[in-house]
Amino acid sequence: MKKVAVIGIGQVPVREHWDKSIRQLAAEALLNALQDANRDEIDGLYVGNMLSGTLSGQEHLGALIADYAGLSGVEAVKVEAACASGAAAFRQGVVAVAGGLKKCVAVVGVEKLTEFSGRYTASALATAADSDFEASVGLTFVGLNALVMQRFMFENNVSKIDFGNFPLLAHRNGSHNPNAMFRRPITLEQYRKAKVIADPINLLDSSPIADGAAAVIIVPLEDIETSDKRAAEVLACEAGTDYIALHDRPELLKLKGVEISAKKAFRAANLQPKDISLFELHDAFSIMTALSLEASGFMSATEALNRVKDGYFEIQGKLPVATMGGLKGRGHPVGATGVYQIVEAVTQLRGEAPEKIQVKNPLYAMTQNIGGTGATVITTILKNISPS
Amino acid sequence: MDIPRYWRLKNQRYHLEGSVCQNCGHQSFPSRPLCPQCKSKDLKSVRFNGKGIVYSYTILYQTSERYEGYVPYVVALIDLEDGPRITAQLTDVDLNQVKIGMPVEMVIRKYFEEGETGPIVYGYKFRPVFSKQDLTEPPIK
């Protein structure tokens, strides 16, 4: 197996892009990444996307985006794994290059969620769950996470307000990221008063519906010029799954898919949680932040709820998370999110993040993209190949 | 509208039909092609009795298109007395009254209507089970 590296990154700001279609968003991010990598040709394109068929009436994104980005003729395919579609596409790109079948591939994550009103988008997002036995009885995607959070609060005797520090942190970091959807901090008081969507989850626990696209270019590490100090090595990119329906999981509060994926990633990278310089985690809901920190091996979920209060996860802290705003602050264009995370991790490793949110001399950046309520999980560890 | 799906799900929606692994005893709802625990294919269909307790719940205030007219409503994870955990709506219940550990029982209720000309979809929901003591308590003074 070849070692692989990310040599180019590109993104469009996460917004409600009323004026741009799915192909425009994807092509723009892809062209930005190609320019950043200083390449104009690729031999494979992997598109991460969840809902183009449902919300844009458009499938066959591989060929469409290749076409629109001036790359017609290239092998191109869409990869879908609910909210983990972006990282799932990234993994396919990594596998292709690591296996020696491809020399230079592009991965684009793209999602357009604002074509319809919220309730229709909510129906579409609920397709990440078990359609016959969860969604059809009235459960939404927020509702699934609410079931987990309610039980967690019951078993651990924690109150709702304890979760508020995670969205606060995400917004604070996001306020310095020009590509973030929300660029304003929020207060604990606002969190306390936020409208309840699915009790106990309120609006400020939830990442926003948004449009976005992000892209990366992957090549074999051996092909990189030694002078290229902007490349990041992919030390690990590993996937795990769990029972799709919450009711089928032996332990509701253990994210088994996260555990499998993170363990495999740490083993592949030959690293431990304490080695990680920053962690772009999947904070789609505050409860997922706490549970994924636990299942990834960093600390127990209750400890995470305590440590967030004393700065542990801040930019200057021991384990910075959601450094560019995370899903909560940057926004969660579902199939694009996993690729945004990689783009942000590479930005941090290069030292090119906005000053206030630049982690100091990061060596290893970890990203984790979760599909459904933990049914597909992809954990990636990237390394700075020219640390200062 | 997906008529074949509603027909296909009739034994689950109206009878809580699942399966029990004849090798290790693992229970599934709905039935599966093989036991997720021991991989045995020797599974027997069973109908669970519809009694259970609430393991977790959420009250939904925003929902998908189908259920839009029904908010707020409660969806719960329910541990069946003689079966596995399932997801279902609670019905005939005061929102403030819902608690983890609450005993519930299955009833058939309307789920949603598929548009003005489509079918009305029915299936299992769960309602609180009141003890005799609850029922004989004097009304609120």
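Author: Start with the salt bridge: a side-chain nitrogen of Lys or Arg within 4 Å of a carboxyl oxygen of Asp or Glu. By that rule, A:Asp36, A:Arg230, A:Arg350 and A:Glu352 are linked in a network of salt bridges. Some ground rules follow. This is a predicted model, where local features need pLDDT of at least 70 and side-chain atom pairs count only at pLDDT 80 or more, while totals for chains, interfaces and linings use all residues. Residues are numbered from 1 along each chain as its sequence is written, chains are lettered from A and ligands numbered from 1 in the order in which they are written, and side-chain values use heavy atoms, with hydrogens and water left out.

Reader: How many salt bridges does the structure hold over all chains?

Author: The count is 33. Side chains of opposite charge can pair when their charged atoms come close.

Reader: What makes A:Asp223 and A:Lys103 a salt bridge?

Author: Their closest N and O atoms are 3.2 Å apart. The cut-off is 4 Å, so the pair qualifies. A:Asp223 sits in the loop between strand S7 (212-220) and strand S8 (232-241) of chain A, and A:Lys103 in the loop between helix H4 (85-98) and strand S4 (105-111) of chain A, so the bridge ties together parts 120 residues apart in sequence. Helices (H or I, at least four residues) and strands (E, at least two) are DSSP runs, numbered from the N terminus.

Reader: Why is A:Asp223 called partly exposed?

Author: Buried means under 20% relative accessible area, exposed means over 50%, and partly exposed is in between (1.4 Å probe, protein chains only). A:Asp223 has 29%, so it counts as partly exposed. A:Lys103, at 45%, is partly exposed too.

Reader: Which salt bridge links A:Glu344, and is that residue buried or exposed?

Author: A:Glu344 meets A:Arg330 at 2.6 Å, N to O. A:Glu344 lies in helix H13 (residues 334-350) of chain A, and A:Arg330 in the loop between helix H12 (326-329) and H13, 14 residues apart. Both A:Glu344 and A:Arg330 are buried.

Reader: How do you know that A:Thr289 is buried?

Author: A:Thr289 has a relative accessible area of 2%, so it is buried. A:Thr289 lies in helix H10 (residues 286-295) of chain A. Leaving out residues up to four places away in sequence, A:Thr289 touches A:Phe166, A:Leu281 and A:Asp283. Contact means heavy atoms within 4.5 Å.

Reader: Now the two chains. How many residues does each chain give to the contact?

Author: Chain B gives 35 residues and chain A gives 31. The buried area is about 3000 Å², with 55% from carbon and sulfur atoms. Buried area is the accessible area (1.4 Å probe) that two parts lose on being put together, summed over both.

Reader: How many salt bridges cross the interface of chain B and chain A?

Author: The rule finds four. Among them, B:Glu68 meets A:Arg119 at 3.3 Å, N to O. B:Glu68 is in the loop between strand S4 (51-60) and strand S5 (73-80) of chain B, and A:Arg119 is in helix H5 (residues 118-125) of chain A. B:Glu68 is partly exposed at 39%, and A:Arg119 is partly exposed at 35%.

Reader: What makes B:Glu65 and A:Arg119 a salt bridge?

Author: Their closest N and O atoms are 3.9 Å apart. That is within 4 Å, so the pair counts.

Reader: Why do S5 of chain A and S4(B) count as paired?

Author: Two strands pair if DSSP finds at least two bridges between them. Strand S5 (residues 196-199) of chain A and S4(B) have two bridges, so they pair, in the antiparallel sense. A:Asp199 stands opposite B:Ile59 in S4(B).

Reader: What makes S2 and S3 of chain B edge strands?

Author: Three strands form an open antiparallel sheet in the order S2-S1-S3 (chain B). Strand S2 (27-28) and strand S3 (43-47) each have a single partner strand, so one side of each is left without a neighbour in the sheet. Strand S1 (residues 17-21) of chain B joins S3(B) by five bridges. Here B:Glu17 stands opposite B:Arg47.
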